[in-house]
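Hello,

Here is the structure I promised to pass on to you. Have a look at it first, and then read on for what turned up.

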Amino acid sequence: MIRWMIVIFLALLLISWFTPLLHKLGFGKLPGDFRFKAFGREWFLPFTTTILLSFIASLIAQLI
């Protein structure tokens with residue numbers, strides 16, 4: 001259980017570090033990524049980016 005918590009923490013840390021780079025590459029601005037304002041707050045739902053990054057991660061995992 002502790003091992004999975006560490007892995008999840010490290011994954012979230014890496015994602016937060018690479019977010020500015022991913023935005024420069026165009027991730028988060030793809031068709032299917034929704035950004036809207038509701039209740040005085042901006043919401044962001046990156047459906048297409050999530051699917052694309054999952055596909056890339058699975059390809060890398062298969063190659064290893």
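**Burial and surface**

Of the 64 residues in the protein chain, 6% count as buried. Please keep in mind that this is a predicted model. The protein chain exposes about 5900 Å², and carbon and sulfur atoms supply 77% of that area.

**Elements and overall form**

You will find two helices and two strands in the protein chain. Starting at the N terminus, their order is α-β-β-α. The radius of gyration of the protein chain is 14 Å, whereas the globule rule gives 11 Å for 64 residues; the value is well over the rule, so the chain is more spread out than a compact globule. Along its principal axes, the C-alpha trace spans about 40 × 25 × 20 Å.

What share of the contacts with a separation of 6 or more comes from residues 24 or more positions apart? In the protein chain, such residues account for 10% of those contacts.

**The two strands**

Strand β1 covers residues 33–38 and strand β2 covers residues 41–46. The two run antiparallel, and six bridges join them. One of the residues to look up here is R35, whose bridge partner in β2 is F44. Together β1 and β2 form a hairpin, with two residues between them. In that turn sits F39, which has a positive phi of about 60 degrees.

Technical notes
Residues are numbered from 1 along each chain as its sequence is written. This is a predicted model: local features need pLDDT of at least 70, side-chain atom pairs count only at pLDDT 80 or more; totals for chains, interfaces and linings use all residues. Side-chain values use heavy atoms; hydrogens and water are left out. Helices (H or I, at least four residues) and strands (E, at least two) are DSSP runs, numbered from the N terminus. The radius of gyration is taken over C-alpha atoms; the globule rule is 2.2 Å times the number of residues to the power 0.38. Buried means under 20% relative accessible area, exposed over 50%, partly exposed in between (1.4 Å probe, protein chains only). Contact means heavy atoms within 4.5 Å. Accessible areas come from the Shrake-Rupley method with a 1.4 Å probe; for residues, only the protein chains shown count as cover. Two strands pair if DSSP finds at least two bridges between them.
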